[in-house]
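This briefing is intended to be read alongside the sequence and the coordinates. It sets out selected geometric features, grouped by topic.

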Number of protein chains: 2
Amino acid sequence: MEGLTIPGSNDIIDAYSRIEGSVNRTPVLASTQLNSIFGCDIRFKCENFQKVGAFKFRGATNALAMLSAEELSRGVVTHSSGNHAAALSLAAGNRGSKAYIVMPDNSPAVKKAAVAGYGAEISFCKPTLAAREEAAQRIIDNTGATFIHPYDNFNVICGQGTAALELYEEHKDLDIVLCPVGGGGLLSGTATYIKGVNPSISVFAAEPAGADDAFRSFKSGEFISTHIPNTIADGLLTTLSERTFKIISEKVDDIFTADDATIVECMRLIWERMKIIVEPSSAVTLAVIKLNPGIFRAKKVGVILSGGNVDLGSLPF
Amino acid sequence: MEGLTIPGSNDIIDAYSRIEGSVNRTPVLASTQLNSIFGCDIRFKCENFQKVGAFKFRGATNALAMLSAEELSRGVVTHSSGNHAAALSLAAGNRGSKAYIVMPDNSPAVKKAAVAGYGAEISFCKPTLAAREEAAQRIIDNTGATFIHPYDNFNVICGQGTAALELYEEHKDLDIVLCPVGGGGLLSGTATYIKGVNPSISVFAAEPAGADDAFRSFKSGEFISTHIPNTIADGLLTTLSERTFKIISEKVDDIFTADDATIVECMRLIWERMKIIVEPSSAVTLAVIKLNPGIFRAKKVGVILSGGNVDLGSLPF
């Protein structure tokens with residue numbers, strides 16, 4: 001185990017030099033209509049256009065890039081049913097490595113199909129954390145594969161920070177950078193990079209009120225490691241790790257929460273006005289802007305839209 | 001009336017010099033997943049990201065740019081419930097002119113609100129062509145406003161052709177350009193520009209099988225001016241005009257049709273794989289590629305995605 005080492009902005013710049021040719025340089029879009037509605041100048045970093053449809057491909061690609069040839073030959077393993085599983089599967093395949101994915105047996109068929117489509121070997125387990133960890137450990141014991149945690153991993157965090165790097169390269173005059181927080185990988189990478197290169201930019205996080213462990217940990221200064229989430233933002237159900245909590249406590253300026261109704265309303269606004277598809281976990285950012293007009297008014301705000309993977313067969317509108 | 005004058009590619013280049021600063025230069029996107037599925041290299045010109053969410057803003061802006069100060073002071077009028085109405089309303093407002101829009105009284109509330117939001121004056125009428133034309137004529141008689149037809153208009157056609165101009169500037173090595181056909185404004189402008197600058201590029205059109213008047217006119221050589229359309233592609237319900245039929249007969253290489261089930265399937269593919277929102281009228285292009293693999297295999301195909309205005313409350317999936 002690597003302990004609680006935390007990165008600096010140079011680590012993110014190094015990560016970018018490793019993954020630059022492998023990840024999409026996603027566009028930064030703006031909408032005059034949304035700017036008019038919310039009274040600020042929002043620049044959306046569109047990680048919904050990233051490979052596998054989410055920023056997670058950046059961290060997974062960087063984690064794979066740090067493995068030796070011998071480690072690559074033994075493969076990588078994670079337990080996840082979401083975007084990290086798909087990202088790790090594609091990133092492993094791109095390096096000629098193999099991904100072992102442990103998924104709860106009640107995962108939606110569409111997610112099983114996505115991961116299988118990227119060539120991963122899927123193991124199913126009961127939908128408990130204990131069963132997932134046990135299944136992953138069995139694979140590690142049998143194969144020697146390297147475990148790649150979705151966010152409690154130095155190299156993953158450095159990869160996620162490269163979205164903010166690209167955004168900052170195009171817009172150095174941002175007043176605020178705002179991104180969602182679930183396990184804290186994206187937020188940790190974002191804050192590490194932005195505060196390293198320009199501490200005058202505020203780094204804010206957006207979290208669903210129904211999964212507000214990061215908000216409560218941040219405000220109380222005490223790390224909350226378990227909670228029972230209840231939110232439509234299915235990419236933000238996890239809690240921080242001690243590592244991401246440490247980074248966020250040091251580098252993030254504030255965390256704001258938003259209720260699910262506002263998240264869905266803002267997701268629909270993005271779809272209708274920008275003609276792009278984002279998942280609820282992305283729209284929590286715009287919901288926070290809507291709920292805190294005084295904080296964002298007349299500011300230039302960089303928003304990281306984290307992903308665009310939704311089940312079109314069961315939309316909330 | 002201006003008679004059956006038809007443009008050349010220089011007219012489209014002139015139109016572009018007039019409207020370049022007023023319209024969005026929309027991105028050209030590609031999807032490795034879709035290319036892999038369909039076995040060709042597709043470049044999507046994303047007019048769903050155009051102002052008002054559709055290419056129609058190009059034609060309306062050019063039509064407004066050709067009016068004298070005195071004509072602008074009297075305003076413009078059209079009868080439409082769709083993208084042309086919104087486009088003309090915004091284009092008129094941008095020139096300090098007024099748009100009078102005649103809409104059938106059974107138009108969806110969302111369309112009424114969109115047009116009203118752009119500052120137009122809306123008149124409602126019974127949902128028949130005779131009632132629409134009568135209402136428009138009454139406005140012309142009362143105000144002296146200039147009638148701007150959605151597609152049977154030289155300047156509108158020239159404006160629509162500028163989407164193909166931008167596409168060609170970025171991809172001069174296309175084998176095929178494919179766009180939807182309804183009234184034929186976009187297709188006429190596209191074919192006029194592409195055949196003018198590079199006749200070796202094939203220009204194909206995609207039409208819903210349930211509104212196949214252009215297909216039948218093109219194949220028979222006889223202009224069909226009426227039909228009873230039945231398709232989900234609500235932007236393609238109209239028939240050609242004599243002018244657009246003349247242009248298309250001279251310059252288009254072929255027209256293909258697609259059934260609604262394939263249109264919906266391909267619309268969903270675009271949403272899921274590209275994370276962008278397109279309306280059914282745009283997806284008819286990809287449906288034609290799916291239904292004619294031999295025609296498109298291994299070709300570099302420029303596809304014009306015409307718009308992204310859908311009612312998220314009533315999706316076909």
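Through which surface do the copies meet? In this predicted model, the copies meet through the same surface, because 100% of the interface residues of chain A are also interface residues in chain B. The points below begin with the relation between the chains and then turn to the core, helix packing and individual residues.

**Relation between the chains**

**Nonpolar core**

- In soluble globular proteins, nonpolar side chains tend to be buried together.
- The largest nonpolar core here has 78 residues, of which Trp271(A), Ile289(A), Trp271(B) and Ile289(B) touch the most other members.
- Apart from its neighbours within four places in sequence, Ile289(A) is in contact with Phe38(A), Cys40(A), Ile42(A), Leu178(A), Phe296(A), Val301(A) and Val303(A).

**Packing of H13(A) with H14(A)**

- Helix H13 (residues 260-274) and helix H14 (residues 280-291), both of chain A, have axes that come within 7 Å and cross at roughly 105°.
- H13(A) is therefore roughly perpendicular to H14(A), since angles of 65 to 115 degrees fall in that class.
- On the H13(A) side, Thr262(A), Ile263(A), Glu265(A), Cys266(A), Met267(A) and Ile270(A) take part in the contact.
- They meet Pro280(A), Ala283(A), Val284(A), Leu286(A), Ala287(A), Lys290(A) and Leu291(A) of H14(A).
- By class, this contact of H13(A) with H14(A) has ten nonpolar, one polar and two charged residues.

**Packing of H1(A) with H9(A)**

- The axes of helix H1 (residues 9-19) and helix H9 (residues 162-170) of chain A are 9 Å apart, and the two helices pack at an angle of about 90°.
- That angle makes H1(A) roughly perpendicular to H9(A).
- Ile12(A), Ile13(A), Ala15(A), Tyr16(A) and Ile19(A) of H1(A) meet Thr162(A), Leu165(A) and Glu166(A) of H9(A).
- The contact of H1(A) with H9(A) comprises six nonpolar residues, one polar residue and one charged residue.

**Positive phi in residues other than glycine**

- Val52(A) has a positive phi, near 60°, and is not a glycine.
- Val52(A) is located in the loop between strand E2 (41-46) and helix H3 (56-65) of chain A.
- With a relative accessible area of 10%, Val52(A) is buried, because buried means under 20%.
- Ala298(A), also not a glycine, has a positive phi of about 65°.
- The loop between helix H15 (293-296) and strand E10 (300-305) of chain A holds Ala298(A).
- Ala298(A) counts as exposed at 65% relative accessibility, because exposed means over 50%.

**Residues apart in sequence**

- Phe154(A) belongs to helix H8 (residues 154-160) of chain A and counts as buried at 15% relative accessibility.
- Phe154(A) and Gly59(A) are 95 residues apart along the chain, and their C-alpha atoms are separated by 9.3 Å.
- Glu134(B) lies in helix H7 (residues 129-143) of chain B and is exposed, with a relative accessible area of 52%.
- Between Glu134(B) and Val102(B), 32 residues apart in sequence, the C-alpha to C-alpha distance is 9.7 Å.

Conventions: Residues are numbered from 1 along each chain as its sequence is written. Chains are lettered from A and ligands numbered from 1 in the order in which they are written. This is a predicted model: local features need pLDDT of at least 70, side-chain atom pairs count only at pLDDT 80 or more; totals for chains, interfaces and linings use all residues. Side-chain values use heavy atoms; hydrogens and water are left out. Axes are lines fitted to C-alpha atoms, for helices over the stretch in contact, and angles run from 0 to 180 degrees between N-to-C directions. Helices (H or I, at least four residues) and strands (E, at least two) are DSSP runs, numbered from the N terminus. Angles under 35 degrees count as roughly parallel, over 145 as roughly antiparallel, 65 to 115 as roughly perpendicular and the rest as oblique. Contact means heavy atoms within 4.5 Å. Ala, Val, Leu, Ile, Met, Phe, Trp, Tyr, Cys and Pro count as nonpolar, Asp, Glu, Lys and Arg as charged, and the others, Gly among them, as polar. A nonpolar core is a set of buried Ala, Val, Leu, Ile, Met, Phe, Trp, Tyr and Cys residues joined through side-chain atoms within 4.5 Å. Buried means under 20% relative accessible area, exposed over 50%, partly exposed in between (1.4 Å probe, protein chains only).
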